[in-house]
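Have the viewer open as you read.

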Amino acid sequence: MSYDIVLLGPPGAGKGSHATELKTTYDVPHISTGDMLREALKKQTPLGLEAKAFMDRGELVPDKVVIGLVEERLKQNDTRKGFLLDGFPRTLEQAKELDKALRQMKRALNLVLYFKTSAEVILKRVTGRRVCKACGKIYNIPNFPPKKDGVCDACGGEVIQRKDDAPETALHRLKVYEEQTADLVEYYRKQDTKVWD
Ligand code: AMP
């Protein structure tokens, strides 16, 4: 039995934080397309550079680019026991391609964890989110700040605000979520995939 799990929900709903805990429980990798794209950007790969303009504006990176990235990632050995997909799929096209890729691997999603949160709470969380540049640890102002301002408790790295977490872009990302991603929960409900709210 494998744990092929999708975490679905708006930005800042807590998908990444939960995935960090769940990956230990289930012993499966946490696959965040946002993290993969940010890593590609940090390394200045052609893919990262292509994605940058979309990410900075809070828009979705084209399906073709992200689907290719995830398909390659799912072929890696560490996904044998399952995976926690965070931030993917975000469009109907991505959801269909994921189903197709899993079918080819003779697998199927076991579970969709749906994070339902109000727009008000999300905006507060996203604009209060801070992240360690070095290890990725997530903080939140004012609820869970680093002990020393701007310094990661875990590794001493620099704690920053993601450019796309600034209020205007965060608001736009929420709109993009409502327009392009929110309906995916119905897509999964109509299938036999188990959805937990
Ligand atoms: P996240 O860290 O999941 O909030 O993603 C940050 C940004 O990366 C998003 O606002 C998009 O620009 C891009 N991104 C991440 N995942 C996807 C995806 N599945 N499809 C398209 N763009 C994505």
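What follows covers the sheet, then the ligand site.

This is a predicted model, so local features need pLDDT of at least 70, side-chain atom pairs count only at pLDDT 80 or more, and totals for chains, interfaces and linings use all residues. Residues are numbered from 1 along each chain as its sequence is written, and side-chain values use heavy atoms, with hydrogens and water left out.

Start with the open sheet: five parallel strands, ordered β2-β3-β1-β4-β8. Strands are DSSP runs of E, at least two residues, and helices are runs of H or I, at least four, numbered from the N terminus; two strands pair if DSSP finds at least two bridges between them. At the edges sit β2 (30-32) and β8 (194-196), each pairing on one side only. Strand β4 (residues 111-114) runs parallel to β8 and is joined to it by three bridges, with Leu111 opposite Lys194.

Now the ligand. It has 16 residues around it, and Thr33, Glu59, Gly87, Gln94 and Arg173 come nearest; "near" is a heavy atom within 4 Å. Helix α2 (residues 33-42) gives the largest share of this shell, four residues.

Here are some polar contacts (pairs of N or O atoms within 3.5 Å):

| Residue, N or O atom | Ligand atom | Distance |
|---|---|---|
| Glu59, backbone | oxygen | 2.6 Å |
| Gln94, side chain | nitrogen | 2.9 Å |
| Arg173, side chain | oxygen | 2.9 Å |

Taken alone, the ligand exposes 480 Å², and the protein buries 96% of that (Shrake-Rupley method, 1.4 Å probe).

Methods:
A polar contact is a pair of N or O atoms within 3.5 Å; within protein, one must be able to donate a hydrogen and the other to accept it, and residues adjacent in sequence count only if both atoms are side-chain atoms.
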